[in-house]
Structures are given as structure tokens and as C-alpha cells.
Amino acid sequence: MPPHGTPVLRSAYQPLAYTVSTVDLDFSLDPQATLVTSRLQCVRNEDAPAGPIVLFGDALELVSLTIDGAAPAAGQVRETESGLEIDVSADEVMLEIVTRINPSANLTLSGLYQSRGGYYTQCEAEGFRRITYFPDRPDVMARFTVRLEADAATCPVLLSNGNLLETGELPGGRHFARWEDPFLKPSYLFALVAADLKALERRVDTMSGREVLLQVWVEARDLDRTGHAMDSLVHSMRWDEEVFGLELDLDRFMIVAVSDFNMGAMENKGLNIFNTKYVLANPETGTDLDFENVESVVAHEYFHNWTGNRVTCRDWFQLTLKEGLTVFRDQQFTADMLARASDSPAAAESARAVTRIANVRGLRSGQFPEDAGPMAHPIRPDSYQEINNFYTATVYQKGAEVIRMLLTLLGREGFRNGMDLYFSYHDGQAVTCDDFVGCMAEANGADLDQFMRWYSQAGTPHLKAEGVYDAASRSYTLTLSQHTPPTAGQPEKLPLHIPVAVGLIGPDGADLPLQLEGEVRPSDTTRVLNLKEASRSWCFTGIDAEPVPSILRGFSAPVILDITEDNARLAFRMAHDADPFNRWDASQRFMERVVLAMASDAAAGRPMEVPQAFGHAFRALLVSETLDPAFVAETLALPSETYLLERMQPADPAPLRAGLIHLTRELGQAMQADFLARYLDLEVEGDYRYHPLDAGKRALRNLCLRYLAAWGGPTAIDLAGKQFEHAGNMTERYGALVALVQSDASRRIDALAAFHERYKDDALVLDKWFQLQAGAWRWSDSAPASLDQVRGLMANPAFSLSNPNKVYSLLGTYFKANAAEFHRPDGAGYAFWAEQVVALDKSNPQVASRMARALEGWRKFTPEIQARIRLALEKVAAAQDLSPDVTEIIGKALA
Ligand code: B3K
Ligand code: ZN
């Protein structure tokens, strides 16, 4: 590893002189002194220049090392900054290495660590080197066998990758198990679990008729929350068989839930380890959103078995090769699952749009700010200081958008052919993004050279659309232009290949059939235009009256669309756009315009007003009997504050919050009767089931309740109180709590206390309780300042700085999802942030770094706010012994 602060460069990739063919690991598990014996068959790599065996190691105590059974000669083994180098002359040698590690003291949650008495591992990206010395890089793929031994009473279950070979008793109350993984894998996919767990099991047949055993391992008390994860796993298996012809390749597939985990989940071969948040769900404790998240994370990790594990990354710069592709696959899966549950083709289309909307909301509020700040990087970065900082929205979400554009360009069949070719060429290999796109090009005879710029250029492109109607020639000329603003290290940008799906809406609201100049007849009502130049025009003919363009349908590319539309046009598209995504987007654009105008009125001390045209368009959606409730809920929900701050120049959280509160209240009050009527008729009868149609109704119903609570009339608060008390499931109970938190002091305090009392022993539900308070807006002057709340809640016995879920719920929400409170004018929010980042960094740099990122976009704010943030950034920068993780983030922010 290069010394602190030196970037690792993509261009510096070199294969290692020696790789490893087989690994035999033996773990004698002990909380303070685990012994790891590793036997590595090291093999000279013919494709690499000659050199020593390179092994990485981090925080290890080396107990012994032998080479082909003998002690090394003097000077044969050298200690380096990053591990060991060993000179050997033979083409094959057997190394035996014994290391001692302390899992109970490992609070980084990387490598081998303890959680609630059990042992768990997390090796991606560079955690394996915290277990033993190893060429810990994804391009070293080996066959692993593993023996585990541990105390039988505290750790009755011993798991690792692949197939179980043998178990047995040992003296001293200990026992062991031996596992073998038949597939080659890189070390980042290694896993072990030794803990007191129980499994829900199911046996199913794969598409070729092989019976496989599926297990979901949890603590005994959580067994009644595992059914949904198991169903999700079975659905994922079926989907990958049907859509991509990909089958599970092992006889056993395990999911293990652990309470202390840095991210969502990890795709270790055959032994996925999950944050409990993405496994456990039952109606009493999980909301519809939790059920949805469990399904998509289970699917994501399962899909990695092919896209990530069977074919993996050559180096960590290629991360989007597996992550962008796998996010794309889980998004397609979710859309298909929702569509399948719909009762008509129109409902299925709207259901797909709901998934798409959720994806795009995430991209706009999570990835766009990243692309506009100091951490901007291409989906395939060129350099990093700490790889853990590059598991980003850009690599994941924008990466998925890039794959989705390939689908748009190549069509369903062409895309599938490209995937088939990819597996036929690269199964069992560690490859690059060029290899993937190369297969897509080869399978389709397509030229994707320009398309590859999406892998190398950072920043969100702006797409400008301008249309001119010419009545005399009955033609409409659409001009599309692109421009990507400069980002750090990339002052100049080249034009990208952008697929732009467009439609033209006639005056009656119906889509027009499209005929481009030179075509003999019209066909289709949506066309994909391939913009490859800085600017280009298309001429549509046979158009009788000026149409309304609907550009970037389905969000066909991850760009910011700049188009001039007056209020009337936005209202028209909100009512008529045949593309449900763009219909939603019209409402978002209208809301953005209204809220930003209110914010500038608030800043200038002028009265804030809701334009009539907006009120009418909003109400028409609210009362629509034909639209799917899940879709309506999306169209009536305001854009996120994070996204709006990105659109506001300069960003100023206080007036923006004033605008958001005012708009919500005004709408709630003006349409109270309609909100109430919808609320009443959307009640879902019968027992809770997780079903998209029911979930859609509950979503819209809870949204109505929030608008009513914002207005604050007595009926509204009574309704929320009744729903809170009589709720039959968490979606309703939590939905009511959210509404009650918007109301006056006594109702708010009582409801929060009642919720706490009911769930005080339930970690995951308490996370919601922490999150809600950390993110609460001040609807009235009686509401407490969030900073006081957050500080107070840190003293709650259920809170712990060493549990990432708690940190994310309380601190993460306050830093990242409560702008007006966090950016308070006295700077106290920033001082608290600096204090917490430095404290967290001592134990868990990955979590600290995530918190540190909350202020990276500081240059978008007003000069006064920037001056205050700079002080906090400098304070963290001056702290002693910062991790490389936090150093990189703060360094880039201040650069
Ligand atoms: N591959 C893991 C992420 C590992 C993060 C390491 N810091 C989860 C996933 O994307 O499926
Ligand atoms: Zn992933």
C-alpha cells in the first residue's frame, strides 16, 4: 500500500508475479486471540514480470511463516508498508502462515469481528488482509477450503463458503466444521460466521431440476421475521433463471443477518452476510418500504453470484462492472415484481414507472450532488486514496443508468445476447469494464466507442431541448444540445452518446404518431433519438398544430434536462403526458418552481403564494379515480430537500425549509376535504399482506394524513391519533407517528413516548424512532431544536456509536436529511458534526467517512454559510491520526 495520502492510480495496474491456486484456512476462534493458519499454494504468473511474492497484511500479528515447510532464509521475507514480500526462485511454493488477531477489539467491522457474541467477517474491499497475509486483490482467484473451530456453547453454528464437508466435537467444549468452496474466488468473497443462530430453511429445485437448500440464519428471537427474505430469495432465483438463464450453482445458499454491519449486505460466495435491517421484516415491525428494501437487497446480493462472483473485477477501479450491473439487475427485478402484481397492462406500466421514479429520486438526491461536488468521479474512477470511499452513488446508481442506456440502445434481445457472450467469454475470470462493453458491442455489431466516455467522464451532463413549430410546413424541429460542466481534474468534456426518448403531445392531450423527415410513414409515439454531437436537430413532419414535447421519457439518460416550460405547459403535461415517468416529472418540476419561488420570497420577507395553476393540477391528480394510488402518491410528494438545495443558487436551507413548510400547509388546508375523502376511501381492509397494490394505497393514505397534519385542523390530528392507536401494522402506525410529529407539543411528545415504550427492546424499530426525531422539521415554535434532540437521544441506552445502524439513523439523518436544522446560523450543528466525525474515526473509519461526506458539497451554499462550514472542515483536518478514509474526504472538500 502506498503511504498515507498517495493516490492509487488506475493506469498503474500490474498483474502480480505470483498468484495463489489453493488456500487452506484454519481458524481457532477466540474473542481476544484467534489463530489463523493459512496454507497458500503460490504459483508464478507467466503473464507478469518477474518479482517476489507480494502479500498484503493489516493489523496482524505474525506468529510464524514457512516456505515449503522450512524457515525462510535471512532476508528472504521483507516487511513492507503494506505487508510482506518474499523472494522465491521456484515456480510453485507452499507458504504456511500463522497470524493472531483480536476480533473483540475490531470495531472497524472490516476483517473478522464480533457482534453480540458471534464472529462475522467483512472482506470487501480489503478486509481479508486483516485476517491473514494474502495477495488480497480481486485478480487473484483461488480455491478455498476452511476449517473453523470455536466454543460449542456460544457458537453452535459454524459457517463458511460453499459445501459443508464435516463437523465434529473437540475436547474442552469446542467443536469444528470443515467447508469447501468448489468455485474459484477472490479473497474479498471469503466469509465465515460462528454464532448462536437458527435458520429458516427451504428446499427448491433450480431450472435444471437440481434440489438446493436455502437458509436464512438469524438469532432465535427473530425467526418469525425471516419469511419475507426467504420468499424474496426464491423470487430472485426464479427471475434470474427466466430473464437471464442464470441458475444457482451451489447446493446450498445461505443468508446470515448481523446487527453490527457497515453497509446493507455482502455477496460472499454462498454465504451472504446481511445487516439485519435488510433481512428482518414482519407486519408488526416492518413498513411496506422495509419489505420492499429487503426484497431488493436480497435480490441484489443473489444476482451478484453471477455478476460479481462468477465474473469478478480485475481491480477496484472496475467496481461498477459488478455494482452498476447488479443495481441495474435489481432495479429491473423490482419493476418486474411490481408489474407482475398488477391487474391490467396499464397498471403494470404505472407500477414500472413507480420503480423508475424511486430510482431517479435516489439518483437526483444522492448522485447528482456527488457529481457536482469535490468527490465527483467517473463511474470508473482513475484514482483513489481509500477504496472504501468509492462505494458511491456514482459507481452504483449512475453505473446502473449506464447499463440501462445499453439496454435502450441494444434492445432486450441484443442486451441478453451481450450478457450471454460476456459469461461465455469470462466465466471464472477477473475482468474490466472494457471487456463487458466489448461483449455488448460484439454481440450486436454495435459501435460503442463513444459510449465508453460514460465510463471516463465525471459530472452530470445538461441536456437542452428547444422546439420550433412551423405551421406552413406542418413540421416541428427539435434541437437537442449537451454540455457537461467541468469537474475536479477534468476541465474539458467531450460530447457523450445520449439516448433521448421523446414524444410529442397534441393539443387534445393525446400522443402524436411520429414521422421524421425522410420517413415514408409515421410510427410509434415515443422515439429514441441518439444525440452524439454537441448539438443536433430533428425534424418531425405531418404535424397539424403546435405540439407539447415530452423529452427524456422514462429518464432515458442520467442527465439534467434544461427546457423552458411555462406553468400552463407543466400543468398540461401533469394532466396528459402518456409517459408516466414524465407525468410525474412534470409535477416535480412544477413543485420545484413553486417551492424555490417561495424560498426566495421567504428570504426577501415577501408573502409566499401558491400559483392557482399549480393548485388545480395538484388537485386533479389527488382526486383521480383512474390513476394507481402508488403513482399518485409519488406525484403529490414534494421533491427532496437535498435535491432542491442542489437546484437553488446559492443554496440556503432556512428559506427553503420555510417554503416547503408553507407549501405543504397551504395545500393541506386548501384541499382538506379532498385529502380527507381520499384518506377515508383508501383504507385497506383485512389482514396485512405485503402487496404492491395495498402498499400503494397505504402510501397515498399516509401522504394525505401528512398534508392534513401539516394544515393542523383538529380532524386531522384526531385521525392521526386514531390511526396510531388502532394500526394493524407498522406502515400505518409509523405513518401516523410521522403525522403526529408534525403536530403540537403534547400530541407529539405522547406519541413518541408511546412508540418508544412499545418498541424499546426492538433495535430496528428504534432506529425508525431515532431517525424520525433527528429528521423532524420544526412545524411550530414549540418544537425543540433538532441538535438538542439528537444530543439528548445519544444518551438513550439503546444508542451506541459502535453500531452503524444507530449512527446512520440518528447522526446520519441529522447531518444529511435535515438541512435547515443542521445548517443553523450559529454553526453549532457543524461543531457537533466535527466532534462526532473525529470520535467515530477512532473506532470505525468507514462510518466516520460517510458522516464526513455530509459537508463535502459546502461550496453550493451562501458565502456566510460557507465561512462557517470551512471552520468545521478545518477543525477535522487538524485532528490527530485521522484515517485515510476521512483524510481523503476532508482533503478533497478543502482542496
Ligand atoms: N459489495 C458490497 C459492498 C462492500 C462495501 C465495502 N466497503 C455490497 C453490495 O454492493 O452488494
Ligand atoms: Zn452490490
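## How to read the model

Residues are numbered from 1 along each chain as its sequence is written, while chains are lettered from A and ligands numbered from 1 in the order in which they are written. Because the model is predicted, local features need pLDDT of at least 70 and side-chain atom pairs count only at pLDDT 80 or more, whereas totals for chains, interfaces and linings use all residues; side-chain values use heavy atoms, with hydrogens and water left out.

## Around ligand 1

Let's start with the ligand. Which residues are the closest to ligand 1? They are E124, E267, E301, E323 and Y396, part of a shell of 15 residues (a residue is near a molecule if one of its heavy atoms lies within 4 Å of it). Sorted by class, this shell holds six nonpolar, four polar and five charged residues. Here Ala, Val, Leu, Ile, Met, Phe, Trp, Tyr, Cys and Pro count as nonpolar, Asp, Glu, Lys and Arg as charged, and the others, Gly among them, as polar.

Some side chains make polar contacts with the ligand (pairs of N or O atoms within 3.5 Å). E323 places a polar side-chain atom 2.9 Å from an oxygen atom of ligand 1. For N388, a polar side-chain atom lies 3.0 Å from a nitrogen atom of the ligand, and for K322 an N or O atom of the side chain is 3.4 Å from a ligand nitrogen. On its own, ligand 1 has 340 Å² of accessible area, and the protein covers 95% of that (areas come from the Shrake-Rupley method with a 1.4 Å probe). Two or more shell residues come from each of β20 (265-266), α2 (288-303) and α3 (319-340). Helices (H or I, at least four residues) and strands (E, at least two) are DSSP runs, numbered from the N terminus.

## Helices to look at

Helix α3 is mostly covered, with 21 of its 22 residues buried. Buried means under 20% relative accessible area, exposed means over 50%, and partly exposed is in between (1.4 Å probe, protein chains only). At 1.5 Å a residue, the 22 residues of α3 should span 32 Å, which agrees with the 31 Å between its end C-alpha atoms. The expected span is 1.5 Å times one less than the number of residues.

Now try α4 (residues 345-371). Its 27 residues should span 39 Å, and its end C-alpha atoms are 37 Å apart, which agrees. Where is the kink in α4 centred? It is at R364, with a bend of about 35° (the angle between axes fitted to the seven residues ending there and the seven starting there). In helix α9 (residues 580-604) you will find A597, which counts as partly exposed because its relative accessibility is 36%.

Two peptide bonds to find are cis. One runs from E124 to A125, with omega near 0°, and A125 lies in the loop between β10 (118-122) and β11 (141-151). Another joins Q649 and P650, where omega is about -5°; P650 sits in the loop between α12 (641-647) and α13 (653-670).

Although L552 is not a glycine, its phi is positive, about 65°. F555, also not a glycine, has a positive phi of about 55°. Is L552 buried or exposed? L552 is buried, at a relative accessible area of 3%, and F555 is buried at 0%.

Notes: A polar contact is a pair of N or O atoms within 3.5 Å; within protein, one must be able to donate a hydrogen and the other to accept it, and residues adjacent in sequence count only if both atoms are side-chain atoms.
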